[in-house]
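The entries below are in the order I made them.

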Amino acid sequence: MAGKFITFEGPDGAGKTTVLKLVAEQLNEILGDQMILTREPGGNPISEQIRNIILDRKNTEMDVRTEALLYAAARRQHLVETILPALQSDKIVLCDRYVDSSIAYQGAGREIGEQEVADMNLFATGGLTPDLTLYFEVPVTVGLARIKQHRAADDVDRLDLEKQAFHDRVHSAYEKLAQENPERIRTIDATQPVEKVVNETLMILKQALNK
Ligand SMILES: Nc1ncnc2c1ncn2[C@@H]1O[C@H](COP(=O)(O)OP(=O)(O)O)[C@@H](O)[C@H]1O
Ligand SMILES: [Mg+2]
């Protein structure tokens, strides 16, 4: 495939969505419709329905492996409907979260095991790995503070109700992924002001795309 698959990773509150939007605006001037911006669950009806099951606060009985399988199922559909067709038509795909998120959140956060979640996702993705992953790194406390500050108190889903230890495990898992995949994953210090994070991200992307 001739396109490029680039993922944005990191904990909630790291600034992925904010930065991705600003970066996409600037890249759009260079790439035009060669670039597509997407995020899981990806806006297709099947993945959205799966996502609603995961986030429904009434689903208190949900087993952690059920949750991991549902994320992988939603991911699969997004891959088939959006990512693969784009890559096949030479697009640059910028995607907010992918398999690394499941390894960090379900594997480490929910303690299923990183390797098991990675293996299960291999089935879902058929092995499609990003060409480049940008990991937005912030200390757990910074990420949590940013989320709390900007959200109404009653606007929290089931996933937000987790404890500090959970977030610490997620953070450690991301760090480990970055260390173990230095050729794929670039770490960006996301505690910097937004403009700096955006500039650093743009620099890395332009370099990767030879632009
Ligand atoms: N570098 C930054 N410095 C300060 N605040 C930030 C920064 N990046 C993002 N934010 C703020 O933090 C909150 C979470 O950002 P968001 O982009 O939604 O993160 P994510 O998508 O990684 O969960 C938003 O309110 C955003 O305005
Ligand atoms: Mg986001």
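My entries on the ligand, the cavities and a pocket follow.

**Ground rules.** I worked on a predicted model, where local features need pLDDT of at least 70, side-chain atom pairs count only at pLDDT 80 or more, and totals for chains, interfaces and linings use all residues. Residues are numbered from 1 along each chain as its sequence is written, chains are lettered from A and ligands numbered from 1 in the order in which they are written, and side-chain values use heavy atoms, with hydrogens and water left out.

**Ligand 1.** I looked up its neighbours (a heavy atom within 4 Å). I found 14 residues around ligand 1, and Gly 13, Lys 16, Thr 17, Thr 18 and Gln 192 come nearest. Helix α1, residues 16–31, gives the most to this shell, with 3 residues. I took helices as DSSP runs of H or I, at least four residues, numbered from the N terminus. By class, the shell has 5 nonpolar, 6 polar and 3 charged residues. Asp, Glu, Lys and Arg count as charged; Ala, Val, Leu, Ile, Met, Phe, Trp, Tyr, Cys and Pro as nonpolar; the others, Gly among them, as polar.

Next I checked polar contacts (N or O atoms within 3.5 Å). A polar side-chain atom of Lys 16 lies 2.7 Å from an oxygen atom of ligand 1. For a polar backbone atom of Gly 13, the distance to a ligand oxygen is 2.8 Å. For one of Ala 14, it is 3.3 Å. Alone, ligand 1 exposes 560 Å², and the protein buries 73% of that. These areas are Shrake-Rupley values with a 1.4 Å probe.

**Cavities.** A cavity is a set of points on a 1 Å grid over the protein atoms alone where a 1.4 Å probe fits but cannot get out; lining residues have an atom within 4 Å of a point. I found 2 cavities of 30 Å³ or more.

I listed Glu 9, Asp 100, Tyr 135, Tyr 174, Leu 177, Ala 178 and Ile 185 as its lining. Helix α7 gives the most here, with 3 residues.

**Second largest pocket.** A pocket is an open set with protein on both sides within 12 Å along at least five of seven lines. This one holds about 360 Å³. Of its 20 lining residues, Val 99, Asp 100, Ile 103, Ala 118 and Leu 177 are closest to the centre. Helix α5 supplies the largest share, 6 residues.

Technical notes. Grid points are joined across faces, edges and corners, and a volume is the space filled by probe spheres set on the points. Helices (H or I, at least four residues) and strands (E, at least two) are DSSP runs, numbered from the N terminus. A polar contact is a pair of N or O atoms within 3.5 Å; within protein, one must be able to donate a hydrogen and the other to accept it, and residues adjacent in sequence count only if both atoms are side-chain atoms.
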